[in-house]
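This report goes through selected features of one protein model. Please keep the sequence at hand while reading.

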Amino acid sequence: MSGNAILTESAAPIPTITGPASACVASTGNTYTTQAGMNNYVWAVSSGGTITGVTGTNAITVTWNESGNQNVNVTYTNASGCAATEPSFYSVLVSTPPYAAGTITGSSTVCKGSSGIVYTVPLISNALTYNWLVPAGTSIISGFNTNIITVDFAVTASSGNFIVNGVNDCGSGANSPAYNVVVNPSPTAPVISIHGDTLESNIANGNQWYRDGIAISGATTSEYIATIIGTYSDVVTLNGCSSASSNTILVLEVSIADNKINPVFELYPNPNNGSFNIKVKTDQKNECLIEIYNILGSLILNKRESLVNGSLVNPIDLTAAPSGTYMAILRFSDGSVKRKLFVIK
């Protein structure tokens with residue numbers, strides 16, 4: 001009696017692959033493996049890679065030469081003699097380091113103590129983050145890992161180079177060209193004094209005079225003749241950096257009489273209790289401005305008046321004002337005169 005042979009049908013194997021799913025261009029030793037104990041291993045990689053290890057085993061090593069979507073594939077025959085019907089593919093994303101950084105733009109000259117200064121580099125291809133190097137005393141306050149940063153310069157900040165490069169998982173790209181930033185000190189605050197009507201700064205250059213906190217147009221020398229009652233100060237600017245404000249000087253008397261005007265300008269009675277008259281008489285004038293300042297230099301009365309045949313007599317009521325010394329100024333388009341006023345209660 002003869003027996004019947006029993007045939008067993010085996011399924012074709014489906015290889016699996018493990019290994020790094022991401023890599024960098026020019027990276028070597030990338031190892032990919034499949035199941036061990038099989039026969040006739042046949043490995044292949046896409047055109048962007050090169051197999052550098054033995055191909056007849058369950059493992060290979062690969063060098064990736066090109067960026068982009070690459071792959072590894074393998075087939076084998078299992079112990080039952082069944083071969084894979086088609087290769088199994090394993091996707092690998094190959095990246096490149098960032099490109100070289102471009103040129104930084106921003107202020108090339110700043111002052112110690114400056115804040116909120118912006119520096120920019122063009123977007124760097126393939127960069128995930130940006131690595132900035134800044135001089136001592138410079139702090140990045142926003143945009144740390146981006147192509148646009150905002151920085152503060154401490155009063156101890158030093159001149160130096162700004163440098164940036166792009167960074168991703170494959171490393172750092174080439175640095176930008178060094179961008180030199182000069183950090184200038186702020187000038188020492190000037191000290192001002194007064195001699196007669198002339199205000200003087202102890203610093204020769206870069207002055208800007210102020211009256212009552214407002215810059216006086218054209219008043220940029222070390223001396224300034226005060227022609228208007230007020231509180232004066234000075235700021236010095238050198239190399240684009242400004243000092244703190246000087247001390248202040250209150251000017252209550254100014255020698256501004258104009259011989260071309262030579263008017264009659266009387267206050268009566270003087271002293272008074274705040275109620276008095278102003279008398280004006282001059283030639284060829286039809287309008288004037290009357291101003292009265294207190295001892296602090298604050299304007300407390302400002303009246304524009306019309307003259308009749310060059311004459312004006314007007315009562316003034318300052319009875320609400322406290323006792324003290326005041327300054328009355330009569331102004332025309334081409335000059336001014338002044339008088340002291342005494343209020344006693």
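## Basis of the model

This is a predicted model, in which local features need pLDDT of at least 70 and side-chain atom pairs count only at pLDDT 80 or more, while totals for chains, interfaces and linings use all residues. Residues are numbered from 1 along each chain as its sequence is written, and side-chain values use heavy atoms, with hydrogens and water left out.

## Strand pairing

Strands here are DSSP runs of E with at least two residues, numbered from the N terminus. Two strands count as paired if DSSP finds at least two bridges between them.

Strand β5 (residues 59–64) pairs with two strands described here. Strand β2 (residues 30–33) runs antiparallel to β5 and is joined to it by four bridges; T31 has T61 as its bridge partner in β5. Strand β4 (residues 49–51) also pairs with β5 in the antiparallel sense, over three bridges, and here T50 stands opposite T63.

Strand β16 (residues 179–184) takes part in a parallel pairing with β9 (residues 109–111), over three bridges. In that pairing V110 is opposite V183. Strand β14 (residues 160–168) pairs with β16 in the antiparallel sense, again over three bridges, with N180 of β16 as the bridge partner of N161.

S88 belongs to strand β7 (residues 88–95). Its relative accessible area is 12%, so S88 is buried (buried means under 20% relative accessible area, exposed over 50%, and partly exposed in between, with a 1.4 Å probe and protein chains only). The side chain of S88 comes to 2.7 Å from the backbone oxygen of P15. Apart from neighbours within four places in sequence, S88 is in contact (heavy atoms within 4.5 Å) with I14, P15, I17, V72, N73 and V74.

T105 lies in strand β8 (residues 105–106) and is partly exposed, at a relative accessible area of 47%. Leaving out neighbours within four places in sequence, T105 is in contact with V118, Y119 and T120. T105 and K303 are 198 residues apart along the chain, and their C-alpha atoms are separated by 54 Å.

## Salt bridges

A salt bridge is taken as a side-chain nitrogen of Lys or Arg within 4 Å of a carboxyl oxygen of Asp or Glu. By this rule the count is three.

One of them joins R304 to E287, with the closest N and O atoms 3.5 Å apart. R304 is in strand β28 and E287 in strand β27, so this pair ties together parts that are 17 residues apart in sequence. R304 is exposed, at 54% relative accessibility, and E287 is partly exposed, at 39%. R331 and E291 form another salt bridge, at 2.7 Å from N to O. This pair links distant parts of the chain, 40 residues apart: R331 in strand β30 (residues 324–332) and E291 in strand β27. Both residues are buried: R331 has 13% relative accessibility and E291 has 9%. The side chains of K303 and E305 also meet in a salt bridge, at 3.2 Å from N to O. K303 is partly exposed at 28%, whereas E305 is buried at 13%.

## Nonpolar surface patch

L250, I295 and L296 make a nonpolar surface patch of about 280 Å². Patches are built from residues with over 30% relative accessible area and no salt bridge; like charges are joined within 9 Å and nonpolar side chains (Val, Leu, Ile, Met, Phe, Trp, Tyr) within 5 Å. The areas come from the Shrake-Rupley method with a 1.4 Å probe, and for residues only the protein chains shown count as cover. L296 is in the loop between β27 (287–293) and β28 (299–306) and is exposed, at 60% relative accessibility.

## Backbone geometry

Where are the cis peptide bonds described here? One joins Y268 and P269, with omega about -10°, and another joins N270 and P271, with omega about 10°. P269 is in the loop between β25 (264–268) and β26 (275–281), and P271 lies in the loop between β25 and β26 as well.

N40 is not a glycine but has a positive phi of about 55°. N40 is placed in strand β3 (residues 39–45) and is exposed, at 55% relative accessibility. N126, also a residue other than glycine, has a positive phi near 75°. N126 is found in the loop between β10 (117–120) and β11 (129–133) and is partly exposed, at 37%.

Key:
A polar contact is a pair of N or O atoms within 3.5 Å; within protein, one must be able to donate a hydrogen and the other to accept it, and residues adjacent in sequence count only if both atoms are side-chain atoms.
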